[in-house]
Amino acid sequence: MVAVAARAPRVTGRPVALGVLGLAVFALALEVGPRAGLVPIRYAPPTSQILVTLGEQVGRSAFWVALLDTLRTWAEGLLIAVVAGIVVGVLLGSVPFLRAATATTVEFLRPIPSVALIPLVIVLYGPTIRSTLVLVVYAAFWQVLIQVMHGVADVDPVARDTARSYGLGAWARIRYVVWPTALPYVVTGVRLATSVALILTITGQLVIGSPGLGKEIDNAQQSDAVRVVYALILVTGLLGVLANLATRFVERRVLAWHPAIRREEVTPA
Amino acid sequence: MTLVRRGVLLLALPVLLFAAWWVASAGSTDFYWPSLSSILAAFGRTWTWDRVQADVLPSLGRLLAGYLLAVVVGVALGAVIGSVRWVRALVEPLLEFLRAIPPPVLVPIVILLSGIGDRTKILVIVSGCVWPVLLNTVEGVRGRDEVLSDTCRTYGITGPLRLRHLVLRAASPQIVTGARQALPIAIILMVISEMMAANEGLGFTVVQFQRGFQIPEMWSGVLLLGLVGILLSLLFRAAERGLLGWYHGQRAGRREW
Amino acid sequence: MRRTFVALLAAAAVLATAACGDSSDGASDPAPGQPDKVNAGVIAILDVAPIYLGKQQGFFSERDIDLTLTTAQGGAAIVPAVLSGEYQFGFSNSISLLLATSQNAGLKVVCNGNNSTGVDGQDFAGLFVKADSPIQSPKDLAGRTVAANTLKNIVDTSVRASVKKDGGDPAAVKFVELPFPQQVAALDAGQVDAIFVVEPFQQAAVDAGARKIASSYVDTAPDLTVAMYFTSTKLLGENPDLVARFTEAMKESLAYADAHSDEVRDVIGTYTQIAPEVRAKMTLPKWPTEINTASVDALAEAAVADGLLTRKPDVAGLLP
Amino acid sequence: MLEVGNLHKVYDGHGRRVTAVGDLTFTVPEGQFACVVGPSGCGKTTLLRVIAGLLPATAGEVRVRGSRVTAPPAGLAVVFQEYGRSLFPWLRVRDNVELPLKAARMPRARRAALAAEALAAVGLSDVDSAYPWQLSGGMQQRVAIARAIAYQPRVLLMDEPFAAVDAQTRADLEDLIRSVWERLGVTLLFVTHDIDEAVYLGQRVIVLSAAPTTVADDLAIDLPAARDQLTTRADPRFTELRGRIYARIQKAKVPQAEGTPA
């Protein structure tokens, strides 16, 4: 399945205004809904109260510690997953024997839900950052690996033969043929891995109790501090949006030469 | 490659891993690391047919309902958002925000809104699975071929015919990619939705074993969860081959020229 | 040896991930004169206020214990961490400890955790129904659904005790698992007929106008020992002196907490997000220094009667 | 019949204003086979897309059979250069040909008859249940032509339809389109960059200048109506006409002193 780099939306005046309008309407709905009694206000605080609580939370040092723990777990897990995914992906992708030998194992391990690992990591590392790290790496790794293997498989045989006919060694072939072809897939893999990594980071903290925003949310729930729960959920949502913008920015930068991005600019409005 | 060689290649590594696990855990006295043999024994003992009926089938039923609902909603919304430019501009930032919220965090909110029955668990599954389907559908619908859409305009192909043939079928490879990404999320959310508010289900049973310190049974549950994951991905692959026969043919065809 | 065995298995099970295997930061043997570095797993609820207070008052540092407190999800996460040596001590409710002993998990209780106030209607936990609900007393729960934060655990066992004491048929009560934070909302929306909540959710139930029909912990056994602190038999064998010092410090903390309820309410604010006004109104549990062995025994019998356990576990072996 | 009056088209994408069509005026009478040829990049495809109603004109107007073109007009079919992309890869050949008829709510029996007849006309009766990507490039373009025939248009536009096929297939397709034109009596506007093809096929050749495009020349092809690859191309008149158009295009390629860059 060719998951070519997604087309990044061109940000011009009008669409941004519309986008902000969309968010404003959603925020307003969350403000009016509870007050109008559609939802019990005690358990679904209006937006204004959530924002006020967020203001208070930002004042607490524990909030920043949790945020840093979350970012560290997420970044570290993502880095390990991406590096491992690329190395293993290129290796398995380019050596036919290895690809065939490991195909079933990859298909065997991939669908195992990372949640099934929770009892395992709890025993191994307890509610520490490393537990959630294993969950994050496990889930994100497959996203990268599959895309990289797709990319390596998508190398045009004509290009590979041309390189071989010009006497390019194995390493040069990977550098000048395999890598450029696989790059759009790698970027897609990283984009998918980033969002999965964040979700697993928060889930791990929530379910296992590793330090971070997820645990703060659970702590707030156990303290029946409903507004704090919503404020922290808002933060996880914002983290996700920032991550997405970052990966799209990197994508446009790294793939500037790629037709999907290039075609984006050339076609007249 | 002869059949035997391919067979060996396919099975060698899994069998090796299984054997390694068996040997490594053989004489284990560790409370939380029972031997593989005791886990398999527990597997037979625990997952009898009536427990499967009582716990596994309801879970899979909810999984399927949530997953299919997510695909239908995702494709419908995706088709609209992908086709109408201002709608996409209006909702895209909001979708990015909602997509980023980890579904397990939404479980309490969904419980608040829709109670504690199956409906809540299905909604939790939908809340996580709809995003990959929706976003891939939008990409698929947006990225359709210019020449094909000109052809439709020239030959007066509009309305439901256009929707089916131009909008959806053209985007189907991307929709299937989204559906494949949503499958593992569905399994994860099936388990998590049962960890929080349930009195039956596969996820619930595994957690109950863990809380009841019945460790071999717990591991047998984890093993079953893995098998469910594998089974579902095989079923998905078969469905995909049927649905996208033309697409695979076309890609293979293009490669030979 | 066991450490390497576990790491090997992790590598096999998690084939593709680079499970970084550097040695975990368990309790390294302290250099002479240095305090013992001790890690205790607790749950961020008001029951563990004494250990936080004890640390604050220096009862542990006085006894050469450098205590770090880590909050975890629940007993399910703490017990394995204690068994694997990640933690040296843990906090768990009595039923979980009895369940663990029945599966001979190698745990040993070191001292008391917290008890019910022993006063009917004035306990830190209670069984609530909606104000206008026809249910007047526990025996009316027959055929009804009751929310419990964890099934086959101390809550449903206690509620069944209340129903039995009130002359009702406990087997006819249907339980559904629902975390504390969602129970009051579920009661409001009529999704369940009754809920059993501990503080601070008891305050939420009272604020929502719910009516208390029983204090199940009190009905289960007088001055019930609800939870206890424990360690692994391994650590007890290897370092009995550390366990003894920890127990002494813990007992001093319990006594101090029982006598200084205002300081308890303040320290709760440091490790939870419970609002100040709620903390002020909450009913606190009792923190006696000695374990109410009779109540733990009664709990064990109730667990067997309710089918949580096939046979009665070795309670004496579990308790210090 | 087809009337183009003072057609002017400007693209302004990303702050760059490109004048694709300067000022074009010409008329194609009913049933005429008219070819359009010109230097590459002179807006031939833009002209065709505006006539087909796929692209709005910046100024001037196009009339097909009397009515002004604002959207794809009825009774007008287009055969695109990228035949592979203009066919539905998930539909078999027969269904591809029938889809426009289905959209026109034609009864099933009538649709099947028309499709079978069209496929026979292009010599593809035996592959009607294959998928397009299972056929060669030439055969795929034949399917596109069959689809146009089955649609029974009054006006047929072809945008460099044979540019992407090998030389031998192109000769067959040229003869095929000639026979189809004679049989259907349709008004045909054939855009190409191949001068020989324009002279061989057309009753008339409109030569366009470099951008901003205007009509550089408009000459009638007075070769005998029955055309075949050997005799027609050997005819001295063919070479003479071809030479004149070639010279005219070379002159048109030199940008006028004040012209905007091509």
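Q: What makes two strands a pair?
A: Two strands pair if DSSP finds at least two bridges between them. Strands themselves are DSSP runs (E, at least two residues), as helices are (H or I, at least four), and both are numbered from the N terminus. Strand S5 (residues 125–129) and strand S8 (residues 194–198) of chain C have five bridges in the antiparallel sense, so they pair by the rule of at least two. In S8(C), C:Ala194 is the bridge partner of C:Val129.

Q: What kind of model is this, and how are its parts numbered?
A: The model is predicted: local features need pLDDT of at least 70 and side-chain atom pairs count only at pLDDT 80 or more, while totals for chains, interfaces and linings use all residues. Residues are numbered from 1 along each chain as its sequence is written, with chains lettered from A and ligands numbered from 1 in the order in which they are written.

Q: Why do strand S7 (174–177) and strand S9 (211–214) of chain C stand at the edges?
A: The open sheet has five strands in the order S7-S6-S8-S5-S9 (chain C), with mixed pairing. S7 and S9 of chain C each have a single partner strand, so one side of each is left without a neighbour in the sheet. From one strand to the next, the twist averages 35 degrees.

Q: Which strands of the sheet does helix H5 (residues 154–165) of chain C touch?
A: Helix H5 of chain C touches S5, S6, S7, S8 and S9 of chain C, and its direction makes about 140 degrees with that of S6(C). Such angles run from 0 to 180 degrees between N-to-C directions, and axes are lines fitted to C-alpha atoms, for helices over the stretch in contact.

Q: Why are H2(B) and H10(B) called roughly perpendicular?
A: Helix H2 (residues 36–46) and helix H10 (residues 215–243) of chain B pack at an angle of about 80 degrees, with their axes 8 Å apart. Angles of 65 to 115 degrees count as roughly perpendicular (under 35 is roughly parallel, over 145 roughly antiparallel, the rest oblique). H2(B) and H10(B) are therefore roughly perpendicular to each other.

Q: How do you know which residues make the contact of H2(B) with H10(B)?
A: Two residues are in contact if their C-beta atoms, placed from the backbone, lie within 7 Å. Among the residues that make this contact are B:Ile39 and B:Phe43 of H2(B) and B:Trp219 and B:Leu223 of H10(B).
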